[in-house]
Amino acid sequence: MQRTILFYQLILRPLLREPVRTVLTILAIALGVAMVLAIDLAGTAAAGSFQSSVETLAGKNDLEVVTAGGVPENLVGSLEGLPYPLKIAPRIEDYAVVVETKQTLPLLGLDLVAEAGRGAGSIGLGDEADTWKYLTSKESIWLGESLGRKSGETITLLINDQTGTYTVRGIFPDLHGSAAAIVMDISAAQSALKRFGRIDRVLIQTPSYPGLEEWQQRIRTALPDGVQVRAAGAGTNENRRMLAAFRWNLRLLSYIALVVGAFLIYNTISVSVVRRRTEIGIVRALGASQSLVLAAFVGEAACLGVLGALVGMPLGRFLAGGAVQLMGATVEALYVTSRPGAIALTSTPTLLAFFLGVGVAVASAYSPAREASLVPPIEAMAHGRREYGTRVNKARDLWIALAVGLAAMAASFAPALVGKPLLGYFAILLLICASAFAMPALVDLVTGIASRLLKQVLGVEAVLASRSLSSSLRRTSVLVGALSTAIAMMTAVGIMVGSFRETVLLWMNDQLPADLYLRPAGSPAADRHPTIAVELTDKIARLPGVAAIDRLREYEISYEDMPAGLGSVELNILRSYHNADFLSGRKTNEVLTELRDSNGVLVSEPFANKHRVKAGDYITLSLGERRAAFPVVDVYYDYSSERGSVLIDRDLLLRYLPDPAVSNLAIYLAPTASVEEVRAEIENAVAGHQVLIFTNRDLRGEALRIFDRTFAITYALEAIAVLIAVMGIAGALLALVIDRRRELGLLRFLGAASGQIRKLILIEAGLIGMLANLAGVGLGFALSLILIYVINKQSFGWTIRFHWPVAMPLGALTMVYAATVLAGLYPARIAVRLNPVEVAHEE
Amino acid sequence: MPILSIQGVSKDYLTDEQPVRALNNVSLEISRGEFVALVGRSGCGKSTLLSLAGAMDFPTSGTVQVNGVATASLQDDALARLRREKIGFVFQSFQLIHTLTVFENVELPLLLAGKRNARQTATERLAWVELDGFGLRYPHQLSGGQMQRVAIARALVQSPAVLLADEPTGNLDSTTGNVILGLLQRLTRQENTATIMATHNAEAAILADVLVRMRDGQITEVTRR
């Protein structure tokens, strides 16, 4: 109890006397905790939602039968004919757009007769006579209750490139929207999707004996080579694995805010120790042990950490709402169809964020707290704070910085560990550490130069400001370290994204050579491939002004238990119009000739990296009933999807999957044709079909819009890290003003006007901003190289060409600099308001 | 005309919401070249009187005029200019800026005033206080007496009309203190400055031209020699 009272008197009460600074520190931790929690919650909501409706409505199944292009329908009969007590449930799985609301929903085709026969089935169809009557009707659908429709209503749906009117025959519970879907009978779904003779999955319930592996084995023997039987829901797990890198990278970016917060806690506790150095000496002389002093300062940090975490958790929950929208859109564009689910404030991420916040606060306070505990009582009482402030060994720290920097370089050359760029992240952490160690030398050098140069321009206030910063070298170095870390991450991410954008722009020049593009209406997603009626493509090909069309067909495949895309293209068109870039550096014509001659495939760079495939290897694909090995002719650059793709000649693919429908059309015009006129002709030709026509420029614009949206969350994370740092600067300048109040009071005695005092503090803020910008840009450049060439490559498998985007970093740095100077306004106001008579007589 | 005129000045402070009278109807006139000692017990109002004389604070009632200008009538910039040009301060605890060299400490008021040739003037003032050759040292490299001499040089760097010294020997041993007092007396004569010094030091009281005794916020006796 006595210790608690002492803790309050010596540690907490001083914090309460400086509410603004204390609140700024707590807010810095709160924002860090909020970021970590928001990204975690939003990631779970965005990534978890892709599986909910499909899997929930599937009920409990043990195995599933799948293949690229769909399972032949006759296999259902074969499976049912097996002499085992299996429950077989064939399914069609696709997407439909509700025309009225433009909402994209899973479209499930179930064997409703069988489901109803089982007594309501998994979707609760009911057993009224009416239900039986409408079950197999082509226009009957059943909807999830969260869609707010009633039985008997009609609804217009866009399926592939056709709209149709359907009647709602029933409503089923859908877990408040997380399982919302449109259900129709399997034959009606096949008809609507024009997917005759094939189904997407066959779900199987097996008896518990003799075990799942044995059942899998037995069923496999009854299936053709190309058809896979695997654990039910394996696709969901594949998707989850695929998203792991995306979530992992975002999660680590969110930790940057905490790293910046750690610097600020370190600074807060250092200030605390410096200010109470005499008190430490007194309590030590009065019998306090070293461990008690250590515990007191660690306790101070823990209190700040707990308060910050408590404020940060509801803030994180709130921010997750915005983050999930951005993440959901990215997941959908790059990976898999996703509908943001409800954000659940579950215990694991909440406790993780809480303990991370408190842990970072305690860990970053440990060093200054330990130093406080080691202070000999007599020295503390005799020398005061000046002794402490100057105890920085710049030369030693510079050598440490060099060693740590070299270790960072070594770590950045290491390969991925367990499929993750762990050593790349470690290299980033080491570089941040190296920069922190080098900071005292940099601060000393720059303030020394600034003192001389700025005196001519800004007067004696600049000399006082730079001397003040260099005299409290440790504190200044920590502040500059915090802000420069945030700036460095912002610069690094800015360079990485700018380079990526430039790379994508160059890539689009090669990849999008057609004049017009056409795809089914509805919002696009990486794993949704609605088709265009084949007769429509033939009609367009015959239009005057159309020189050629490239019929692209895309399928979802599973390769080595990871989802991927399979695309078919027309080789003769590619050869005439494309100038694709290959990793081998070979010419397009040469590669395409080999592709045709060898009946091989091309794989995208992310696919090659994910599956460690290179030119000359063979990959085995399950296509329809068959399983075939294809030589990899070359690896092509591809930035359209992180999942990885395999490209195959259309004619070759049609031999395995004879569905001629296409997913996209690339239309090349005759040299003399007008884009507007041909577009108008196409619009006439496609009347009655719901398709979208893009000009080359529109498509590029759309791609860049998606690109920019993808990285919006990254910028938001960096901006918050900078905000935390700027808040830290404001708090630290406030502490600086309070600590230097005697000096500031003296200046008033010596004739300084209030404007000069204000100028002095603002110059200090400006110098901190300048130092941080300088260090941040240097560090950011080094970090950007690791992001581009190590982390990005090992996480996503993309080659990004380095590009220095001038405008973005310059704009951001100017803003940060302005914010830093503005952060000095409040401390400057406090400095001006100090009563010089009082402060000059304090000691 | 007196360089410093204090007429019917009272000063109240609020302590825990309660007004406490620090000075009560004090009047005093000081002319250039006078060396004035303010003596009295701690808390009698000496430092408050110096703050008012130095335009660092303002009376609750009455007027303080420096060189004929009422301090209460001036805005911040004009006050800063007045302090810069007319008043020099010397403190008990020296109040040097430890991050600046001796030269830089001494020339600081000139630089704050935007004046040129500051280094030359600072060198000259350091010669006055017999610290030639100490200009490039930092305060922590000096003794207490040397630091106080630097503070005096700084106070005189603008050739002020009024020099205010608050217990200038309070942190020094008696020998060093006497050296400082002799220095202040000499410079008062040399520069024709009005020097007002709050002190407990009996030697200081003996050296002064005018001895002002204070008690409970009032002047009880003024002795001119």
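A: Within chain B, confidence is lowest in helix H7 (residues 202–207), with a mean pLDDT of 80, and highest in strand E4 (residues 61–66), at 94. Here pLDDT is the predictor's confidence in each residue, from 0 to 100. Helices (H or I, at least four residues) and strands (E, at least two) are DSSP runs, numbered from the N terminus. This is a predicted model, in which local features need pLDDT of at least 70, side-chain atom pairs count only at pLDDT 80 or more, and totals for chains, interfaces and linings use all residues. Residues are numbered from 1 along each chain as its sequence is written, while chains are lettered from A and ligands numbered from 1 in the order in which they are written. The average pLDDT of chain B is 89, and 100% of its residues score at least 70.

Now to a sheet in this chain. Six strands of chain B form an open sheet in the order E6-E7-E8-E3-E9-E10, with mixed pairing. Strands E6 (87–90) and E10 (218–224) of chain B are the edges, since each pairs on one side only; two strands pair if DSSP finds at least two bridges between them. On average, neighbouring strands of this sheet are turned by 15° against each other, direction ignored. The angles are taken between axes, which are lines fitted to C-alpha atoms (for helices over the stretch in contact), and run from 0 to 180 degrees between N-to-C directions. Inside the sheet, strand E7 (residues 162–166) and strand E8 (residues 194–199) of chain B pair in the parallel sense over 5 bridges. Across this pair, B:Asp166 stands opposite B:Ala198 of E8(B).
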